[in-house]
Amino acid sequence: MTTTSTIKDEARPKASSGADLHLANVTKRFSDFTAVDDLTLTVPSGTFFALLGPSGCGKTTTLRMIAGLEQPTSGTISIGGKDVTKLPSFQRQVNTVFQSYALFPHMTVLDNVAFGLKRKRVGDSVARAKAALEMVELQHLAARKPMQLSGGQQQRVALARALVNRPAVLLLDEPLGALDMKLRRQMQVELKSIQTEVGLTFIHVTHDQEEAMTMADTVAVMNKGKIEQMGAPRDLYELPRTAFVANFLGKSNLMPGSVTEDLGNAVAVDVAGHRLVMPKDRAVSHSGAAVVGVRPEKMRVLNLSDEYSPSANMLTGTVLDASFTGVSTEYLVEVPGIGTLATFSQNMGQAPARRGDTVRMTWEPDFSFGLDGSAKTTEGQDAV
Amino acid sequence: MTSTVERSRRRKNRGPQDLRSEEELVAERRKGRVGLYLIIPGMAVLALFFAAPVMVLLGMSLYARPPGAEIGEFVPALEFGNYATVVGAYWEVFLRSFLFALIATVAALLIGYPMAYLVAVRLRGRQLMQGILLVLLIAPFFSSFILRTQAWKQILSDEGPVVTVLRAIAILPADGHLTATAFAVVCGLTYNFLPFMMLPIYANLDRLDTNLLEASGDLYASPLTTFFKVTLPLSMPGVFAGTLLTFIPAAGDYVNAALLGNNRDTAMIGQIIDSRFFKVVDYPGASALSFILMVLILALVMIYIKRFGTKELF
C-alpha cells in the first residue's frame, strides 16, 4: 500500500503553477455573426477559471481560440507573457479536454495518453502515461481500446491524456456534459481536487451554473460574445450587476421602479407604490430609474399576523402556487402592480401557506441589489 | 405490423410455464431451419454462376487434343501437362501482369487518396462542392470502358500534350514515344480502376471524426504527423478495400494492354487468355491459364488479408 502511494506521488505531475493567460481585445467574427466581441480577460496562473454562459454566447469559440483551433479576427492571446495568437495549435503549450473526448479509437488507452508526450519526444513517455492513468485510477484498463470503456472512464482518459503533458493552460470544453448526474457530481469533485493538486491553470467552459460555481475560483459569465460579469462565485451570486447575471446565475426577483429618497448609505425606491430600500454600495445607480433585485431565498414568507422588523422591505401578495419539496416550500406570489415573485421558505415545521392565501414577504434591505434602470428584467431567464 | 402484434399476443399467451427470456427465444430461433432456408437463394446463385463455371473450366483445362484432330477439337482427358506447357510459355506474362497491376494499384492509391481526402474531409459541410466534385470524378466512368481507354491513346500520342512537354523538358528523348509502351498500359490501368480505389476510401474518410484531427493537433502533432498517426490508420479499411478492388481486376485486365500496349513486351495474361481462346482456339490452354490466374490472385489476396486486413481496428 505504502509503496504504491509513493510511486503515485512521484509520478504525479509536479505542482508547477501553469501560466497566466491574457486575452486582449479578442474578437471573432464568422461571416454574419460576431461570436466573441472585443473580449479582454486575464486569468492568473493556477486558477480554476470558469467561462459560463448559455449556448451560443461565445464561450466555446473563446476556448477554441485559446487552443489555437480558431484564429481570432482581431486581438491578441498571450500565455505566460508570450504572444501565441499566430501560433498553430500543435505549437501551443495548451491541452484540451474535448466535449466529445475525441479519443483515438485505433489506439489503446495507454497510447492515447502517451500521444502528446511522444510528439514532444519525452523520453519516458510510457512510464509517465501509466502514472497519469494511475492518477485517474484507470491503470488496469491501459490495454483497452476507448470504445470498450464507459462514458465516465473515457472522460477520465481524456483528462489524463491532456494533463500528462503538464500544459501551461488546460482547457475543458463542457467535459462533463455527456455524463449522467451522479457521475457528473463525482467528476466535479475529482476535477477540482486534481486541479488543486497539480496547480495548473484550468479554463472550464460550461453552461451549467451550479458546475461553474462549485468548481471555479473565478467565474466569468458570458453573454452575446461579451463578459457580463466576472468574479468569485459567491460575489457573483450575492451581487449580480446585470439582469442577465441575476437571472442566469440562480434566480432573482427583479422589480423596476424609480429612486425617491437618498438615505445616506442607502436609497429608497418606489416600485409600483411600494417603498423598497437598497444599500448604495449594492446599487448600480442611485437616482432616477432603478431595478431592485432580491434572491428568492433571502425573502421570508410571513402570515399577515406575524411580526416583522420595521426596517425590512415588505411586500404583500397572493399565493399563486405553492409546491412542497420537503426541504422547503416554493411559492409563486402575485404582488399587485409588480407581478409574480418567486420565493421559498425552509421547512422549520411551520404550516406552509396555501394557494390563494395572502402573505407578507420581507427581506433585509442589505439583501437588495440595484441594477440599471434600463435593464430588461427577464434577460437571461430562459437562457440555457 | 401484423407480425409484431401477433408476436406480442403470443408473448402474452405464453402463460406462466413459459418463462424463457427473449434472448433464449432468439437463440432457439437461430438453431432452427429458418436461417438455412434464407441462404438457399444466395447459395443457388453462387452454385449456378460461380461454382459450376469454375468446375467446367477446371475440366476443360485438362482436355487433350487427339492426334490428327481438327483445330478446336478436344476430348475429355486428364492432361495435366497442359498446365506445365502454359506455365513454361507464359510465366513471364504472369509476372508482368501482377507487376503492372501492383504499380497501377499504388499509383491509383497515390492519386485516389488525396482526391478522396479533399472531397470527404477538406470540403466537409460544403455539400454543393462535394457533390460537384464527386460527379466530375465519377461521370467519365458512365461512358464506355473501351472508348475511355482509346482516349488515352490520344493523350499519350506523339503529337499530344504529354509527349510534347516531356520531350521539351528532356525527360523523353526527342524521338521517344509513350504509346505502345508499358507506361501507357499502366496509365490506362491506373485511370480505369481509379474509382474503385477512390470510392471505398471516400466512404471511409467521409465518416472520419474531425474532432480527432483537432485533438491530435492539440496534442502537439503537426498536420503531417496527424495524417500518418490518425487519419491514415483510421482510413486503412477503406485503403484495404480500395487496393483489393483495384488490384484484382487490374491483374486480369486485357483491354488496356491490348489498346495501349505493343505486342512485344507489354502483354498481360488477360490478353494471352483472350488470344489462346479466340484466336489460337486452344481451349484447354486458355482454361489452364484462367485457372492459374484465379488461384494466384486468390493466393495473393489471402496473403494480403492475412498480413494487413481483418485486424480489429477499434
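Okay, let's start in chain A: strand β7, helix α6 (residues 181-198) and strand β8 make a right-handed β-α-β unit. Keep in mind that this is a predicted model.

Let's stay with β8 of chain A. How many of its six residues are buried? Six of the six, counting residues 201-206, so this strand is largely enclosed by the rest of the structure. Now, side chains in a regular strand alternate between the two faces of the sheet. Here, Thr201(A), Ile203(A) and Val205(A) point one way, Phe202(A), His204(A) and Thr206(A) point the other way, and all are buried.

And who are the neighbours? Strand β3 of chain A, residues 48-52, pairs with β8(A) in the parallel sense over five bridges. Strand β7 of chain A, residues 169-173, also pairs with β8(A) in the parallel sense, over five bridges.

Zooming out, chain A is assigned domain 1 (2-238) and domain 2 (251-372). Their C-alpha centres lie 40 Å apart.

Next up, the other chain. Chain A and chain B bury about 2000 Å² between them, with 65% of it on carbon and sulfur atoms. On the chain A side, Phe90(A), His106(A) and Arg119(A) lose the most area to chain B, together 31% of what that side buries. The contact takes 27 residues from chain A and 20 residues from chain B.

Arg64(A) and Glu214(B) meet through their side chains in a salt bridge, at 2.6 Å, N to O.

How values were computed:
Residues are numbered from 1 along each chain as its sequence is written. Chains are lettered from A and ligands numbered from 1 in the order in which they are written. This is a predicted model: local features need pLDDT of at least 70, side-chain atom pairs count only at pLDDT 80 or more; totals for chains, interfaces and linings use all residues. Side-chain values use heavy atoms; hydrogens and water are left out. Domain bounds come from an automatic or database domain assignment. Buried means under 20% relative accessible area, exposed over 50%, partly exposed in between (1.4 Å probe, protein chains only). Helices (H or I, at least four residues) and strands (E, at least two) are DSSP runs, numbered from the N terminus. Two strands pair if DSSP finds at least two bridges between them. A crossover is right-handed if, with the strands pointing away from the viewer, the path from the first strand over the helix to the second runs clockwise. Contact means heavy atoms within 4.5 Å. Buried area is the accessible area (1.4 Å probe) that two parts lose on being put together, summed over both. A salt bridge is a side-chain nitrogen of Lys or Arg within 4 Å of a carboxyl oxygen of Asp or Glu.
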